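Good morning, and thank you for joining this meeting.

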Amino acid sequence: MNRIFIVSLIVMCCSLSLLAQNSVYITIGGRSETITLVNNDATRRLLEILANGPMSVSLNDYGGFEKVGSLPMSLPTSDSRITTEPGDVILYQGRNLVIFYGSNTWSYTRLGKINSLSANEIRAFLGNGAVEITLSLSPMSRIEKITTDNTNSDIVYDLKGNRINGRPQVPGMYIVNGRKTIIK
């Protein structure tokens, strides 16, 4: 009985946390901007999906006023006639994500809006041609991959100024990469 209550409480807290989330991040080329979400079934489902990790979508220009791309899954629709403006983030036919840099009137499901950028800034952010976007619950880092350079080994000198090849075999004080180091 207690386990069921605890599990129910955890599920309820996670659900409330998602309901409190009213924005997601869109990242293009290492730059993240905020999308303020509307409250509907499509955005609630999108938040549930993004709770499992970021989602990437390929977008292409269409009609000279929008970028559109297929989502990896369908979202619930609640279409209504909308006149879009730059920054609007829209769901079209349940499976197409559309980000407007111009205006159009059609029957869509509104997801949200990129509020922090002007029309010209949105156009520049989205770029020309095909673009890969990432949607996430937190801003993405510009750091894409961390590697170490194992080709450069430490430069080691003894206290007399003699360079030592490799790691010293005898414990003592050495100069390693310009810093005094005690090797045990």
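Which residues form a nonpolar patch on the surface? They are Leu-159, Met-173 and Ile-182, with about 320 Å² of accessible area together. Accessible areas come from the Shrake-Rupley method with a 1.4 Å probe, and for residues only the protein chains shown count as cover. A patch takes residues with over 30% relative accessible area and no salt bridge, joining like charges within 9 Å and nonpolar side chains (Val, Leu, Ile, Met, Phe, Trp, Tyr) within 5 Å. A salt bridge, in turn, is a side-chain nitrogen of Lys or Arg within 4 Å of a carboxyl oxygen of Asp or Glu.

Before going further, I must state that this is a predicted model, in which local features need pLDDT of at least 70 and side-chain atom pairs count only at pLDDT 80 or more, while totals for chains, interfaces and linings use all residues. Residues are numbered from 1 along each chain as its sequence is written, and side-chain values use heavy atoms, with hydrogens and water left out.

The pLDDT is the predictor's confidence in each residue, from 0 to 100. Its mean over the chain is 87, and 83% of the residues reach 70 or more. Over residues 11-19, however, the pLDDT is below 50, and this stretch has four contacts in the model beyond near neighbours in sequence; a contact means heavy atoms within 4.5 Å. Where pLDDT is low, the predicted coordinates should not be read in detail.

Ile-182 lies in strand β13, residues 179-183; strands (E, at least two residues) and helices (H or I, at least four) are DSSP runs numbered from the N terminus. Ile-182 counts as exposed because its relative accessibility is 60%, where exposed means over 50%, buried under 20%, and partly exposed in between (1.4 Å probe, protein chains only).

In the loop between β12 (172-176) and β13 we find Asn-177. Its phi is near 50°, a positive value in a residue other than glycine.

I turn now to the interior. A nonpolar core is a set of buried Ala, Val, Leu, Ile, Met, Phe, Trp, Tyr and Cys residues joined through side-chain atoms within 4.5 Å. The largest has 29 residues, and Ile-26, Ile-35, Ile-99 and Ile-133 have the most contacts inside it. Its largest share, five residues, comes from α2. A second, separate core of six residues includes Phe-65, Ile-82, Val-98 and Phe-100.
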